Amino acid sequence: MTSRTTPGLTRFNTSDETAAAAELHEVCSSSAWGSKVLAQRPYADADSLFAASDAAMAELTAADLEEAMAGHPPIGRPKPGDPTSAREQRGMAGASEELKAELLELNLAYQEKFGHVFLICATGATAEFMLGQLKIRIENDAETEREIVRTELGKINRIRLTRLVEEAAE
């Protein structure tokens with residue numbers, strides 16, 4: 001991104017710990033990730049925040065990843081009243097009923113196999129792309145899929161952190 005300091009980053013850096021932790025929880029529901037990112041405040045710039053996020057993501061255990069995934073709704077079913085999940089899943093808006101039904105069926109099969117929702121960075125992705133990825137990834141073994149999920153979570157966190165640091169101070 002950039003090395004500049006933004007009003008949103010300044011606000012995040014100077015927020016009390018409870019408020020900053022709540023903002024991080026909105027980015028990622030892993031308490032381990034949030035604690036690691038919070039502990040390194042203040043950040044000189046957005047790139048420093050992103051690097052801390054990436055490092056924290058790399059250190060998450062399988063249980064931490066499960067906690068992070070629990071904060072994400074299934075693809076095709078954003079959380080009601082949640083503008084973040086609605087925005088991130090915008091690519092589902094024009095999907096046909098047949099595609100939505102197939103996605104639901106495969107989502108359930110994926111969840112049965114892996115014990116968690118199918119997680120993909122949906123921002124900017126079409127329903128067709130997400131369905132294609134689901135068809136590919138359902139064939140993975142658990143260890144391979146866990147590392148793909150870690151990568152996808154990292155992408156989602158970066159998008160959400162970018163929004164956090166670019167938001168003007170209120």
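Modeller: Happy to! The largest pocket holds about 220 Å³ of space, and please keep in mind that this is a predicted model. Its lining is made up of E23, E26, V27, T84, R87, R160, R163, L164 and E167. The elements that each give two or more residues to that lining are α2 (17-27), α6 (83-88) and α9 (142-166). By residue class, the lining has six charged residues, two nonpolar ones and one polar one.

Let us follow the chain on from α2. In the loop between α2 and α3 (31-39) sits S30. S30 has a relative accessible area of 2%, so it counts as buried, the limit being under 20%. Leaving aside residues up to four places away in sequence, S30 touches L60, D64, E67 and A68.

Now to the nonpolar packing. The largest nonpolar core has 46 residues, and the members that touch the most other members are F12, W33, L49, I75 and L153. Two or more residues of this core come from each of α1 (7-14), α2, α3, α4 (46-58), α5 (62-69), α7 (97-114), α8 (127-137) and α9.

Technical notes: Residues are numbered from 1 along each chain as its sequence is written. This is a predicted model: local features need pLDDT of at least 70, side-chain atom pairs count only at pLDDT 80 or more; totals for chains, interfaces and linings use all residues. Side-chain values use heavy atoms; hydrogens and water are left out. On a 1 Å grid over the protein atoms alone, a cavity is a set of points where a 1.4 Å probe fits but cannot get out, and a pocket is an open set with protein on both sides within 12 Å along at least five of seven lines; lining residues have an atom within 4 Å of a point. Grid points are joined across faces, edges and corners, and a volume is the space filled by probe spheres set on the points. Helices (H or I, at least four residues) and strands (E, at least two) are DSSP runs, numbered from the N terminus. Ala, Val, Leu, Ile, Met, Phe, Trp, Tyr, Cys and Pro count as nonpolar, Asp, Glu, Lys and Arg as charged, and the others, Gly among them, as polar. Buried means under 20% relative accessible area, exposed over 50%, partly exposed in between (1.4 Å probe, protein chains only). Contact means heavy atoms within 4.5 Å. A nonpolar core is a set of buried Ala, Val, Leu, Ile, Met, Phe, Trp, Tyr and Cys residues joined through side-chain atoms within 4.5 Å.
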